[in-house]
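Reader: I would like to go through this structure with you and ask what lies behind the terms. Could you take me through it step by step?

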Amino acid sequence: MTIIYLMIPCTLLLVGGFVAAFIWANNNDQFEDLVTPA
Amino acid sequence: MQINMDINMEHNLEASASDWTYLDRPVEANIYLSSTAPDLLLLRIEGVKCSGCIRNLESLVGHVSDLQSLEVSMGDGLLKIKKSSGGHFSKITEAITQLGYRITPLSHKDFSSSVRSAEVKALRSRFAVAAACMGNIMLLSVSIYAGMPKSYEQVFHWISLILVLPILFYSNLSFYQNIVDALKRREPHIDMPIVLALVGGSLLSIFNLLQGNNHIYFDSVAMLATLLLGSRLLLLSLQKKFLSSQHLSQFVKNQPIQVYHQGQYRKGFSDDLKKGDLFKIGHGVTLPVDAQLVETGCFVDPSLLTGETLPKWYDKGEIVQAGMKVKSKAFTCFQAMGAIQDTSLYKYILDVEKQIHGKSSIVKLADKIAKYFTLGIMTLSAFVLLVLPFWLSIDIYEGINRSLALIIVSCPCALAFATPLIESLALVGANRMGIFVKSANVFEKLRNIKTMFFDKTGTLTQGNHAFCGFAEGTLSNQQIERLVALEQLSQHPLARTLVNEFASSIGKKSVQNFYENHGEGVSGLIDGLECKISKYDKKFLAEPSAENGSQLSAYYENDDLKAVLQFVDNAVEDVDEVFSGLKQLGYKIKIISGDQEANLTYLQNKYAVEVFGDLKPSEKQQLVRNNRPSVMVGDGFNDLGAMGEADVSVAVQGSIAENLKFADVFIDKPGIGLVFQLVRLAHQVKKLTIIILGFSLIYNLVLGVLAVMGAIGPLAAALLMPLSSIAVVMISLVGMRNFSLVQRSHIESQNRAIPPVTLLGTGAVS
């Protein structure tokens with residue numbers, strides 16, 4: 001079960017990465033127009 | 001000042017000595033200022049051509065004490081000014097005009113869509129962070145609930161604490177901000193119990209974690225924050241979506257015009273027009289400003305303003321009012337008498353827009369209820385926390401659990417959000433149909449007032465003349481060809497009707513010596529015959545028709561009367577449907593008219609309604625007054641008094657400007673079908689409000705009781721509460737959507753019936 005001490009930080013990094021990516025996209029107006037073609 | 005002199009000479013712009021003081025009067029400046037940033041004013045600026053201009057403008061910051069900062073965006077011609085607290089906008093704008101720049105304040109709605117999208121963006125980030133953290137906390141939580149070894153449990157709780165920190169210090173910031181603002185105003189706010197639960201739950205959990213016991217609520221806190229942010233994001237996106245498309249002023253703005261500039265006509269925008277500008281507009285365009293005819297005369301459809309059924313001829317040099325529609329073959333040249341903002345039509349439209357973006361009194365009432373509800377819940381929770389453990393002799397932690405669950409579960413979000421949401425959906429829905437409603441109170445009045453007065457001419461009749469046959473005599477094909485050849489050269493709308501009617505006979509004959517006497521008739525030489533078309537009086541007919549509003553034209557050849565052509569102002573299509581619908585809903589319908597009673601009896605027989613004829617305007621007014629509370633639907637000058645007397649006044653398309661000023665509702669589609677749709681909408685608003693208030697009250701009551709009894713814990717509460725908000729949003733959306741689908745099909749069927757009339761021109765705005 002000690003593997004969990006490696007896995008949990010990995011998860012947190014992964015979460016952080018995805019949240020950062022989302023916020024970057026949001027701040028760059030990627031969600032402003034979801035209708036018209038890209 | 002040296003600078004001022006230079007600029008005035010360099011640009012030679014007219015420094016208008018306009019009065020800016022209205023910007024300092026809260027009521028009038030309201031539409032220009034945003035409630036969140038009342039010190040900011042956005043202006044459109046003209047005359048900024050170089051960086052020197054920007055420097056000059058920026059130099060104002062030191063010189064005008066009321067001006068705190070200033071931002072020029074040369075690219076899109078925008079100027080943003082911030083006044084110092086206690087300063088006056090008028091002083092700043094005056095200084096700028098003195099520098100020789102032309103400025104126009106922009107209503108905050110004009111840029112509110114961009115502000116709103118910034119708001120949505122921020123909320124989206126907050127929601128994303130909260131959701132990511134919540135998801136991971138829940139993973140850890142589930143393992144703990146599933147029976148984790150004690151040693152790992154502590155570790156998992158600590159990791160949960162780390163994951164809850166971004167929620168507390170980032171995602172929740174908008175809640176904190178709301179509370180701080182409310183505390184400044186010394187008012188309760190619906191976010192208070194939420195923040196209490198979020199912060200209190202977190203602090204308690206940290207305390208317990210340090211103590212080593214397992215009353216930890218990080219999962220509840222994260223879930224509550226996420227779902228709340230989610231439902232607010234949904235609400236805000238909806239508002240953005242529905243309100244951004246609402247630019248009523250486009251009704252007169254953005255008309256396709258050509259503006260004279262530096263020696264030639266170029267495509268321009270009607271909202272840029274200013275006094276003295278020369279511009280050209282084509283057939284069917286609504287005149288955006290009061291303007292003087294410059295080169296030629298033209299026919300103008302005045303139905304929007306005067307309610308008159310027939311287009312009127314205006315001579316060169318005459319002034320045509322904004323809102324009238326130009327009916328001419330070629331482009332017509334005008335000189336503007338003022339800007340769009342000076343017209344009464346525009347002012348009415350602005351009033352309506354302000355209402356849509358502001359809050360109605362009912363919304364404010366719901367706000368108030370929600371606030372007191374909030375106070376009540378907080379008191380009750382304190383009671384549960386402090387008294388219940390001793391009273392029922394339960395664990396102190398159980399008391400905390402229950403009061404936390406109660407606070408979370410009975411937050412009156414649904415109550416606070418539902419009413420404004422339904423009302424704005426209704427106002428926007430009405431707009432989409434072509435109904436401008438001045439205030440949301442109208443919906444309530446329309447439900448409760450059961451007496452409806454309708455004016456006849458222009459309201460129940462189309463206000464359009466269609467060719468309906470020969471009143472006397474008939475014409476041979478040869479004669480029709482001559483008639484069409486003559487009418488084709490005429491600008492008169494009735495002439496167009498005839499040309500359209502006999503389209504197959506176009507171009508068969510040629511006309512010599514054509515002469516048009518505007519308003520009287522046309523004449524010309526065809527096939528050697530002196531042909532003439534002129535007005536004809538009803539009293540010369542052998543059998544005068546009782547049909548009201550019919551116009552007669554006579555066709556002569558060599559002064560010999562060949563035929564009398566009849567044009568009739570038909571009743572609007574949907575009168576039957578509307579009257580039966582209204583009667584089913586329990587409305588009493590009364591038709592009032594200045595027309596002879598004899599001309600009304602057929603209406604009485606056809607629709608089984610009360611009719612009152614031969615009424616002078618003052619008698620109409622008297623009648624409406626004696627039957628209050630009442631609704632008046634009308635258009636013309638003669639309805640003015642009656643509409644002023646009525647509790648709800650509805651101006652139909654073609655109403656005069658005076659009516660627009662105080663009409664509660666303005667309908668911008670032909671016919672009265674929308675009157676019935678408006679009434680239905682009013683009933684729908686009530687139905688939905690009752691459903692939603694009932695739903696959220698029962699929901700909160702049941703869950704509140706369950707929470708006090710200890711049947712649901714904080715986590716379940718955190719899940720259930722925001723669900724009610726989402727449910728409420730869904731109910732109102734579905735309720736209104738059902739309604740607007742009915743609308744669309746209705747309007748489509750109406751539009752399909754219109755085409756022949758649009759050729760004629762009067763009244764039908766496409």
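Reader: Which residue of β12(B) does Phe299(B) stand opposite?

Author: Phe299(B) stands opposite Lys327(B). Before we go on, this is a predicted model, where local features need pLDDT of at least 70, side-chain atom pairs count only at pLDDT 80 or more, and totals for chains, interfaces and linings use all residues. Residues are numbered from 1 along each chain as its sequence is written, chains are lettered from A and ligands numbered from 1 in the order in which they are written, and side-chain values use heavy atoms, with hydrogens and water left out.

Reader: What makes β9 and β12 of chain B a pair?

Author: Two strands pair if DSSP finds at least two bridges between them, strands being DSSP runs of E with at least two residues, numbered from the N terminus. β9 (residues 298–301) and β12(B) have three bridges in the antiparallel sense, so they count as a pair.

Reader: Why are β10 and β12 of chain B said to stand at the edges?

Author: The open sheet runs in the order β10-β9-β12 (chain B). β10 (312–314) and β12 (325–327) each have a single partner strand, so one side of each lacks a neighbour in the sheet.

Reader: What is the order of the seven-stranded sheet, and which strands are its edges?

Author: The order is β14-β26-β25-β24-β15-β22-β23 (chain B), an open sheet with mixed pairing. For β14(B), pairing with β26 (residues 665–667) of chain B is antiparallel, over three bridges. Within that strand, Phe666(B) is the bridge partner of Phe436(B).

Reader: How do you know that chains A and B touch, and how many residues take part?

Author: Contact means heavy atoms within 4.5 Å. By that rule, 16 residues of chain A are in contact with 16 residues of chain B.

Reader: What is the area buried between chain A and chain B?

Author: It is about 1400 Å², with carbon and sulfur atoms giving 67%. Buried area is the accessible area (1.4 Å probe) that two parts lose on being put together, summed over both.

Terms used
Helix = DSSP H or I, 4+ residues; strand = E, 2+ residues; numbered from the N terminus.
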